[in-house]
Amino acid sequence: MLKQLKKIKLFAFFWDRSLLIFLIIGGLNTILSYAGSFFLNYVVGWSLFASTATMYALCSIPSFYFNRKFSFQSKAPLGRSILRFAIIISGCFLLSYSLNHLIVPWMYAHWFPNMPLLWYTLLRLLGIQVVFTALNYTSQRLWAFKE
């Protein structure tokens with residue numbers, strides 16, 4: 001019984017208003033980021049890593065403001081929050097991007113070798129986004145905007 005209560009408390013800790021607002025802000029940022037990444041990659045000719053990293057960095061500026069103000073309603077010191085947020089964004093991006101380049105190609109080669117390239121690309125983008133979002137939300141909630 002105690003284990004079940006702990007699980008419910010942990011679930012309730014993460015499943016609240018801040019998550020919903022975070023997902024809305026993140027969804028809008030993702031649309032903008034993907035559009036910009038597509039433009040930089042396919043029109044300008046940048047690599048996928050460079051275009052994606054650039055757009056994540058640019059979209060992180062409004063993300064910081066809106067998540068601090070609306071998602072987490074943080075009163076933590078601004079300088080500390082900016083530094084922690086930058087560390088989290090950089091770390092989450094590098095980790096999710098790196099894992100995605102190790103796991104998804106292996107899965108493609110071993111499990112889905114006949115998958116069309118479009119689906120493979122979408123799977124990679126989805127993988128990056130899921131890992132990034134989960135790590136980002138948890139880290140921001142528990143560290144960046146913690147008072």
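This is a predicted model: local features need pLDDT of at least 70, side-chain atom pairs count only at pLDDT 80 or more; totals for chains, interfaces and linings use all residues.
Now look at α4 as a whole. Helix α4 covers residues 78-110, 33 residues in total. From its first C-alpha to its last, α4 reaches 47 Å. That is close to the 48 Å expected at 1.5 Å a residue. Still, α4 bends by about 25° at Asn100.

Next, turn to α5, which spans residues 117-144. Trp143 sits in this helix. Leaving aside residues up to four places away in sequence, Trp143 touches Arg84, Ile87 and Ile88. The C-alpha of Trp143 lies 8.6 Å from that of Phe85, though 58 residues separate them along the chain. Trp143 counts as partly exposed because its relative accessibility is 35%.

Helix α5 also holds Arg141, whose partner is Asp16. Side chains of opposite charge can pair when their charged atoms come close. Here, Arg141 and Asp16 form a salt bridge, with their closest N and O atoms 3.1 Å apart. The pair links distant parts of the chain, 125 residues apart. Asp16 lies in the loop between α1 (2-14) and α2 (17-44). Arg141 has 16% relative accessibility, so Arg141 counts as buried. Asp16, at 29%, counts as partly exposed. A search of the whole structure finds 1 salt bridge.

Terms used: Residues are numbered from 1 along each chain as its sequence is written. Side-chain values use heavy atoms; hydrogens and water are left out. Helices (H or I, at least four residues) and strands (E, at least two) are DSSP runs, numbered from the N terminus. Buried means under 20% relative accessible area, exposed over 50%, partly exposed in between (1.4 Å probe, protein chains only). Contact means heavy atoms within 4.5 Å. The expected span of a helix is 1.5 Å times one less than its number of residues. The bend at a residue is the angle between axes fitted to the seven residues ending there and the seven starting there. A salt bridge is a side-chain nitrogen of Lys or Arg within 4 Å of a carboxyl oxygen of Asp or Glu.
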